[in-house]
Amino acid sequence: MALDILKERGIPLERQSFNWRELVDVPFSKLDDDAFTRVRVILMNGIEMESVRFLHSFARMNRDLRRVLAEVRRVDHHQITAVNWLNPPDQSPLETTIGYEQVAIEITAHAALSEPDPYLAQVYRFGMLEDYDHLYRYSALLDRLEGKDANNILQSYTDVTPGRPTLVEHRAPVDDVRAPYDRRKASVITKLNALTIMSAEQQTHNYYANVGPFFADPVARLLYAEIDSIEEQHVTQYEALIDPEETWLEKWVLHEANEVYNYWSCLQQEQNPRVKQLWERFLDYELGQLHVAIEHFNRLEKRDAAEILPASLPDPVSHTSHRQFVRDVLSREVHLRAVGDQIVDPNVVPESAATLEYRKRLNSAGSPSELVAAGYQYTPGTELSRRAAQIVGQKEATP
């Protein structure tokens with residue numbers, strides 16, 4: 001369905017309220033619900049967290065708008081609670097990690113496919129192959145620590161094989177700062193893609209930093225520390241895509257539009273009726289918040305928000321498996337590296353001395369991502385099922 005975001009005004013901000021029972025509802029089922037319900041929950045939590053973080057930063061830079069920003073931000077905070085508390089309590093932090101990496105792979109794949117700018121599309125493909133390898137390393141850890149098959153979470157939507165090895169993903173900071181789009185020329189989907197992927201990666205960075213120290217297993221602690229460092233690099237990469245010349249008000253309007261766009265995308269594809277109702281409610285809330293931002297943008301900048309927003313939204317984010325696309329990109333681009341703001345073939349343009357030295361130092365005592373996957377090859381059913389099959393085979397071979 002088409003949605004005219006300039007005409008649809010949603011629920012006014014003053015009517016956006018909650019009680020505790022609405023904020024802490026019954027969670028989804030980690031096994032019975034479709035895996036993309038989890039993907040949507042994780043993604044929307046990240047997008048709401050980015051909104052709250054942005055609005056805090058904006059308020060610190062603007063005296064006159066602090067009160068209205070506080071009103072919008074409080075609603076966003078409660079939306080975070082309602083969304084994030086949909087995660088089930090029987091889903092371990094490591095299983096949730098598998099979900100985070102599925103979000104990174106599938107949503108970034110959509111961004112790469114929908115992005116009209118060839119440079120930005122390549123940046124998304126580049127980052128996607130790194131998250132793809134993280135899924136493989138965490139799947140090995142899940143197998144070893146909990147004896148669980150990652151596919152119980154992934155539901156066969158996403159492959160579990162190595163990507164660009166995490167070992168070589170470590171880069172000097174200057175080699176993670178990409179070139180931004182031009183706010184005057186970039187399409188709306190370009191701006192929404194950048195906000196969406198930055199939000200997802202920023203949330204992943206925060207999650208790994210928070211849960212990593214609470215693992216008792218020393219390899220798990222090392223692995224979370226290593227991959228969390230890459231997630232910081234990814235936040236650097238994706239935030240650099242956003243034009244720094246956008247005004248604070250322009251960025252506010254785009255943040256609200258991105259929330260509308262993503263809730264609308266969730267609504268189109270959600271299978272869980274109860275969760276779908278939440279997406280519908282929050283779409284109406286975000287439309288109301290968007291028009292608050294538009295009102296202040298129009299008034300203070302003496303501009304029309306129609307200059308930066310479309311009448312109707314782009315095609316929704318495709319919450320579906322992108323398996324073949326990922327395989328194709330893996331076969332063509334896994335060898336690529338980053339130098340400055342460019343993605344390069346290292347056989348043509350060698351990696352920088354700064355990155356090589358940085359990587360050498362970090363890996364000087366060994367690589368956790370290589371250690372956790374040593375001798376590991378994903379097959380359905382975890383290592384226990386493989387051992388059982390080996391025992392059966394040995395017995396059958398014994399005369």
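Predicted model: local features only at pLDDT ≥ 70, side-chain atom pairs only at ≥ 80, totals over all residues.
1. The model contains 2 cavities of 30 Å³ or more.

2. Lining of the largest cavity. The residues around this cavity are Ile 107, His 110, Ala 111, Asn 193, Thr 196, Ile 197, Tyr 261 and Val 317. Two elements, α4 (93-114) and α7 (188-211), each give two or more residues to this lining. By class, the lining comprises 5 nonpolar and 3 polar residues, with no charged residues.

3. Lining of the second largest cavity. Here the lining consists of Ile 47, Glu 50, Ser 51, Leu 195, Ser 199, His 255, Asn 258 and Glu 259. The elements contributing two or more residues are α2 (35-59), α7 and α9 (248-269). In this lining, 2 residues are nonpolar, 4 are polar and 2 are charged.

4. Helix α4. This helix has 22 residues and spans 31 Å from its first C-alpha to its last, close to the 32 Å expected at 1.5 Å a residue. Of the 22 residues of α4, 19 are buried, so the helix is largely enclosed by the rest of the structure. In an α-helix there are 3.6 residues a turn, so residues three or four places apart point the same way. Among the residues lining the largest cavity are Ile 107, His 110 and Ala 111.

5. Thr 108. Is this residue of α4 buried or exposed? Thr 108 is buried, because its relative accessibility is 1%, below the 20% cut-off. A polar atom of the Thr 108 side chain lies 2.5 Å from the backbone oxygen of Ala 104. Leaving aside residues up to four places away in sequence, Thr 108 touches Val 103, Tyr 124, Met 128, Ile 197 and Tyr 238. One of these contacts, Ile 197, is also a lining residue of the largest cavity.

6. Val 339. This residue belongs to strand β1 (residues 337-339). Val 339 and Val 177 are separated by 162 residues in sequence, while their C-alpha atoms are 9.3 Å apart in space. With residues up to four places away in sequence not counted, the contacts of Val 339 are Asp 175, Val 344, Val 349, Pro 350, Glu 351 and Ser 352.

7. Most residues other than glycine have a negative phi. Which phi does Gln 155 have? Gln 155 has a positive phi of about 55°, although it is not a glycine. Ser 156 also has a positive phi, of about 65°, and is likewise not a glycine. Gln 155 lies in the loop between α6 (151-154) and α7, and Ser 156 is placed in the loop between α6 and α7. A reader checking the backbone may wish to view these two residues together.

8. Gln 155 counts as partly exposed, because its relative accessibility is 22%. Ser 156 is partly exposed as well, with a relative accessible area of 43%. By contrast, Thr 108 in α4 counts as buried.

Terms used: Residues numbered from 1 in each chain as written. Heavy atoms only, no water. 1 Å grid on protein atoms, 1.4 Å probe; cavity = no way out; pocket = protein on both sides within 12 Å on 5 of 7 lines; lining within 4 Å. Points joined across faces, edges and corners; volume = space filled by probe spheres on them. Helix = DSSP H or I, 4+ residues; strand = E, 2+ residues; numbered from the N terminus. Nonpolar A, V, L, I, M, F, W, Y, C, P; charged D, E, K, R; others polar. Expected span 1.5 Å × (residues − 1). Buried < 20%, exposed > 50% of the residue type's maximum accessible area, 1.4 Å probe, protein only. Contact = heavy atoms within 4.5 Å. Polar contact = N/O pair within 3.5 Å; in protein donor to acceptor, adjacent residues only side chain to side chain.
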